[in-house]
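Below is a short briefing on one protein model.

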Amino acid sequence: MAFKNFYELLEIVPTAPADEVKRAFRLQIARYHPDKVQHLGKEFQNMAADRATELTEAYRILSDETRRAEYDLAFAEAGGQTAAVAASAAPAAAGVAQPPVGAPPPRPAREPDTQTGPQFKQERASRDEFVRKATVSRVRNALESVGGDYAQTELPGFDMACVPKSKMFARSKNPRLLGRFVSRLDREAIAEAWTDAAKWGDPKKDDVCILLMGTSLAPAGELAGAIAEQRRKSRSVRLTLIPVDARVWDAHMPLDAPTIAKSLLARLKTGA
């Protein structure tokens, strides 16, 4: 029987206490709630349902001390390695007295990094790809709902690229819109997105707004400093970059953000 690594599924270490298990479960399960994927294709809805089932089972096991101890032992017997089992094996090798048979294995004081193997990397890549597609789909739907009057196009390196539809006698006041999803939104991600967006059209004439979205964000001070640094390096470029927490649609909104971006993010925030 193949055992699913529930610790990796919830993205926690094997020594995580019960309250951390609960927090991790709530964070993960919210990403796959039916309301979040109802606008996606049937394939993605099925993927979300399967992942939600796995997460629920992981929480059922790891939130109960007895079931968790039994899981640790069974997983180790199947060839897995949890911190609890590794800790119980170490004293035996050193000739240290073991706890009574049937007692839960002790937790180690040091928390090893279990989130490294190929299985975890594959799980994480699969989850990131699902979240990326779901996030971009929600943004597209929200943009249509706020009446942005945009045409879809493509730009290498970006998940979404939209240009304002031309009007007969006037130039649209809306900026070009770019969207990119990253697994980690930090200084490097901002610098890369800024550099790539500056190559689109005429950066000195065309206003461009970048929605840089992620589910793991660096501190607000780091993000603000990174944006300020890019602005100093390219003062003539008409770019606005908005870091967005795609988990809850909180945005680090600059004062000069275009109106369409504010409307779009407000719509997302209220459940577009």
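Of the 272 residues in the protein, 41% are buried, meaning that their relative accessible area is under 20%, where over 50% is exposed and anything in between partly exposed (1.4 Å probe, protein chains only). The model is predicted, so local features need pLDDT of at least 70 and side-chain atom pairs count only at pLDDT 80 or more, while totals for chains, interfaces and linings use all residues. Residues are numbered from 1 along each chain as its sequence is written, and side-chain values use heavy atoms, with hydrogens and water left out.

**Overall**
- The protein has 10 helices and 6 strands, taken as DSSP runs numbered from the N terminus (helices: H or I, at least four residues; strands: E, at least two).
- Among contacts (heavy atoms within 4.5 Å) with a separation of 6 or more, 65% join residues 24 or more positions apart.

**Sheet**
- Six strands form an open sheet in the order S1-S2-S3-S4-S5-S6, with mixed pairing; two strands pair if DSSP finds at least two bridges between them.
- Strands S1 (150–153) and S6 (250–251) are at the edges with a single partner strand each, so one side of each has no neighbour in the sheet.
- S3 (residues 176–182) pairs with S4 (residues 208–214) in the parallel sense over 7 bridges, and Gly179 has Leu211 in S4 as its bridge partner.
- Helix H8 (residues 187–197) packs on the sheet and touches S3, S4 and S5 (239–245); the directions of H8 and S4 make about 150° (axes are lines fitted to C-alpha atoms, for helices over the stretch in contact; angles run from 0 to 180 degrees between N-to-C directions).

**Cysteines**
- The structure holds 0 disulfides, a disulfide being a pair of cysteine sulfur atoms within 2.5 Å.
- Cys162 is buried at 0% relative accessibility, and Cys209 is buried at 1%.

- Val139 lies in helix H7 (residues 118–145) and is buried, with a relative accessible area of 1%.
- Beyond its neighbours within four places in sequence, Val139 contacts Met160, Leu211, Met213, Trp249, Leu264 and Leu268.
- The C-alpha atoms of Val139 and Met160 are separated by 8.9 Å, and the two residues are 21 residues apart along the chain.
- Buried residues in helix H10 (residues 259–269) include Ile260, Ala261, Leu264, Leu265 and Leu268.
- These residues cover an arc of only 125° around the axis, which puts them on the same side of H10 (the arc is that of the directions from the helix axis to the C-beta atoms).
- Gly271 follows H10 and has a positive phi, near 100°.
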